[in-house]
Amino acid sequence: MNGLSFRGRRARRVAVAAAFAWCVVAAGACSPEPTGPPPPPPGAIPAGQSIGTSAIEGHARFEGAPPPRRPIRMSSEASCQRPGVEPLSEDVIVSPAGALKNVYVHVVSGLGDRVFAPPLSPALMDQAGCAFVPHLLDVQAGQVIEFGNSDPIVHNVRAIGEKNRVFNVSMPGKGKTVRRYFAVPEIVKIRCDIHAWMSAFVAVEGHPFHAVTAEDGSFSLRGLPAGTYAVEAWQEKSGTQKQTVTVAEGETAKLDFTFHPAKSP
């Protein structure tokens, strides 16, 4: 009887701890939703308005043996499993030709004191197949982001940053959406606490000259005025690189970034 009583008390403690953990998530989820970003300051360049006819284009490449993409085990959630589909890690995606996907490329200097209003249309990040889609989303500071849940199960969205307001919102089933924004440029980590393998990034910049490389490693920054620019490329495992390029009015400058395997700690 004492053993049964002990096991009963232990089971109750586990249940209470689980309930408390859920309440913590729920409390964060139920925090008041911001009414929206503030209006852009006077004199801000409207979204979509051209300020030049120059462009910077190029590719991100991976040199050396790329790390194999790891299978993601979703056995803890039956709804995440799809017959014949093996989900793979997205932290390093290299094509057979060496093109590197999901590199964030952005101008870090050369625009002077110009201020840009964010796009009016929201950026989208979904939770589908128990993964964040896209894995890396680039937005402008003050641009609304709509987070969605296309899965028939509960997720949550936790934002982890150093300069922006953090949040943790519940996504209790298919069709749920929430809107948030980030006010300051930085790369924000996004994760789902319920499914530990689910993570993503939102790259925030104060102007519209940023891009995420495609499957073929390509990127394009168009509509720039003539000038000299420092351009940075960030890859979540291999770190950052920076190059300087000068572009004339109406010219397209070429700029390539080459990444290598991350060094072991």
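Colleague: Is His135 buried or exposed?

Modeller: In this predicted model, His135 is buried, because its relative accessible area is 6% and anything under 20% counts as buried.

Colleague: Where in the chain is His135 found?

Modeller: His135 sits in the loop that runs between strand 6 and strand 7 (136-140).

Colleague: Which side chain has a polar contact with the side chain of His135?

Modeller: That of Glu236, at 2.6 Å. Apart from residues up to four places away in sequence, His135 also touches Glu90, Asp91, Asn102, Ser199, Ala200 and Phe201.

Colleague: And Glu236, where is its place?

Modeller: Glu236 lies in the loop between strand 16 (227-235) and strand 17 (239-247). Glu236 is partly exposed, because its relative accessible area of 24% falls between the 20% and 50% cut-offs.

Colleague: What does Glu236 touch, leaving out residues up to four places away in sequence?

Modeller: Glu90, Asp91, His135 and Phe201. Glu90, Asp91 and Phe201 are also on the list for His135.

Colleague: How does the lining divide into nonpolar, polar and charged?

Modeller: There are 17 nonpolar residues, five polar and ten charged.

Colleague: Which strands each supply at least two residues of that lining?

Modeller: Strand 6 (132-133), strand 12 (186-191) and strand 13 (199-205).

Colleague: What about Cys130, what is its phi?

Modeller: Cys130 has a positive phi of about 60° and is not a glycine either. Cys130 is found in the loop between strand 5 (123-127) and strand 6, and is buried with a relative accessible area of 1%.

Colleague: Next, Thr213. Which backbone atoms does its side chain reach?

Modeller: The side chain of Thr213 reaches the backbone oxygen of Leu100 at 2.9 Å and the backbone nitrogen of Val103 at 2.8 Å. Thr213 itself is in the loop between strand 14 (210-212) and strand 15 (218-224).

Colleague: Is Thr213 buried or exposed?

Modeller: Buried, at 2% relative accessibility. Beyond its neighbours within four places in sequence, Thr213 has contacts that include Ala60, Lys101, Asn102 and Phe219.

Colleague: Now the whole chain. How many helices and strands are there?

Modeller: One helix and 19 strands. The chain has 265 residues, and 38% of them are buried.

Colleague: What is the mean pLDDT?

Modeller: The mean is 89, and 86% of the residues reach 70 or more.

Colleague: Where does pLDDT stay under 50?

Modeller: Over residues 4-31. For that stretch the model has twelve contacts beyond four places in sequence.

Technical notes:
Residues numbered from 1 in each chain as written. Predicted model: local features only at pLDDT ≥ 70, side-chain atom pairs only at ≥ 80, totals over all residues. Heavy atoms only, no water. Helix = DSSP H or I, 4+ residues; strand = E, 2+ residues; numbered from the N terminus. Nonpolar A, V, L, I, M, F, W, Y, C, P; charged D, E, K, R; others polar. pLDDT = per-residue confidence, 0-100. Contact = heavy atoms within 4.5 Å. Buried < 20%, exposed > 50% of the residue type's maximum accessible area, 1.4 Å probe, protein only. Polar contact = N/O pair within 3.5 Å; in protein donor to acceptor, adjacent residues only side chain to side chain.
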